[in-house]
Amino acid sequence: MNATAIELFAGELDMGRDTDKSGKRSVAKGHLPSRRQLLKGAAAVAGAAAGSNVIGAPMIWAQEIKDIELRHVGVSYSVVKAIGDQAAKDLGFKVTMQNLDTSAAINRFITQPNSVDIPDLEGWQAKLAAKRGVIQGINIKKVKEFDNFLPIFTKGELDGHKIPRQGVSPYEAMYIKDANATDLHDGVTDWATFLPQVYNADSIGYRPDLVDHPVTEWKDLLNPKYKGKAAILDVPAIGIMDAALCFESADLIKYGNKGNMTTKEIDFTIEKLIELKKSGHFRATWTTFDQSVQLMAAGEVVIQSMWSPAVAAVRVKQIPCVYAPVNKKGDKEGYRGWCNGLGLMKHLSGKKLDAAYEYINWYYTGWQGAFVSRYGYYSPVPSTAKKHMTPTEWAFWYEGKPAPEEIKDPYGVPMEKAGTVRDGGSFLERVKNISCWNTLMDEAAYMNKRWNDFKVA
């Protein structure tokens, strides 16, 4: 598959769509204008009405939309103030971003559902939120770019390669039978639990100036050389999978499904973690992006499970940090995939629900996709993100080519020098090497109890 493959995904799916000469969708074939377009028209009508001393509904409607506020709640790497600010600027209503850690976020969605409008959900959280009945189905017919989503999300595959289902893949968590269904549906329907907005393939971050060899396997996190200088993520459902990847890499165990362990597998994993902790192997566990950056930048930790923007944040400080390319080797290794997306809380209705759909659609117009790409994440619609990226950015982040010139982070801060190649290579290389996804296990309650045993050991 050549370098234009990502664009071709969208192009092939788009064949036959009615367009006008400018390439835009034709309204004549039943494609309705967006609420944003209607609002612009309403504003024009309102202006004309004001000039003729006629007061009509359009002016009231525009004012009502202006007064709407959407509360978008979720983790810091996905719910970003700069993105909310840009959306508000483009859409004309207020967007408030609030950050909570993974566990606090899902608790908020379930226990205080009316305090949230847009829940930022991972696949496993969408599964749980649907089961609890706190979200409503998203009508994919109202999502203008849905046909251009990569087949990761519409077929469960990429470049003819089946996306693994260890853990909860976005494809298997996305669909429900109807708007009020609480059980997931295997395969595309007209209704979604959540719609992807950002995703990536996670691995190990390390300091090449403080580690004596390139890291390419998860078991390196267990190497006795790094005793007292290693760290692991302290989010139970994710941290235990990082640990499982390490133990499987070291041939200590072969899991039936790392994303849905048996109680015996959970016990083995936790006991090994406790053994490592008591031996002094872990310098720390971390729960937030900032903690992982500080540990690595200070040199307190030289190797740890890590997130892509945290690696980028260390590099911005002019401190070397590498994201290990843990490509699959047979049935071992591979990245841990994750995907965050936008949901709709059950209480949304009327104009506020209309505004929420406008907000969802805005995410796929490209600005947000380009923004998250600049710290190593991916858009479900790369074809629109590309329009907001420079050729240098596209070549570096998606094609895995040496950067033709300096690479900057989303805020314009220099991050990579010309000639640098992205850790792990191209989009296709990285995503096709995902081996498991963040998850909600059947034995989640037991797993959380045992994880707490590790924390207090």
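At what angle do helix H9 and helix H10 pack, and how far apart are their axes? This is a predicted model, in which local features need pLDDT of at least 70 and side-chain atom pairs count only at pLDDT 80 or more, while totals for chains, interfaces and linings use all residues. Residues are numbered from 1 along each chain as its sequence is written, and side-chain values use heavy atoms, with hydrogens and water left out.

Select residues 236-249 for H9 and residues 263-278 for H10: the two helices pack at about 85 degrees with their axes 10 Å apart. Helices (H or I, at least four residues) and strands (E, at least two) are DSSP runs numbered from the N terminus, and axes are lines fitted to C-alpha atoms, for helices over the stretch in contact, with angles from 0 to 180 degrees between N-to-C directions. H9 and H10 are therefore roughly perpendicular, a term for angles of 65 to 115 degrees.

Next, show the side chains where Ile 240, Ala 243, Ala 244 and Phe 247 of H9 meet residues of H10 that include Ile 266, Ile 270 and Leu 273, contact meaning heavy atoms within 4.5 Å.

Move on to the largest cavity, which holds about 110 Å³ of space; a cavity is a set of points on a 1 Å grid over the protein atoms alone where a 1.4 Å probe fits but cannot get out, and lining residues have an atom within 4 Å of a point. The volume is the space filled by probe spheres set on the points, which are joined across faces, edges and corners. Select its lining, including Ser 308, Arg 315, Tyr 375, Trp 397, Glu 416 and Asp 423; helix H12 gives the most to this lining, with 4 residues.

Finally, select Lys 432 and Asp 159, which form a salt bridge whose closest N and O atoms are 3.0 Å apart, the term requiring a side-chain nitrogen of Lys or Arg within 4 Å of a carboxyl oxygen of Asp or Glu. The pair links distant parts of the chain, 273 residues apart, and the structure holds 28 salt bridges.

Definitions and conventions:
Parallel < 35°, antiparallel > 145°, perpendicular 65-115°, else oblique. 1 Å grid on protein atoms, 1.4 Å probe; cavity = no way out; pocket = protein on both sides within 12 Å on 5 of 7 lines; lining within 4 Å.
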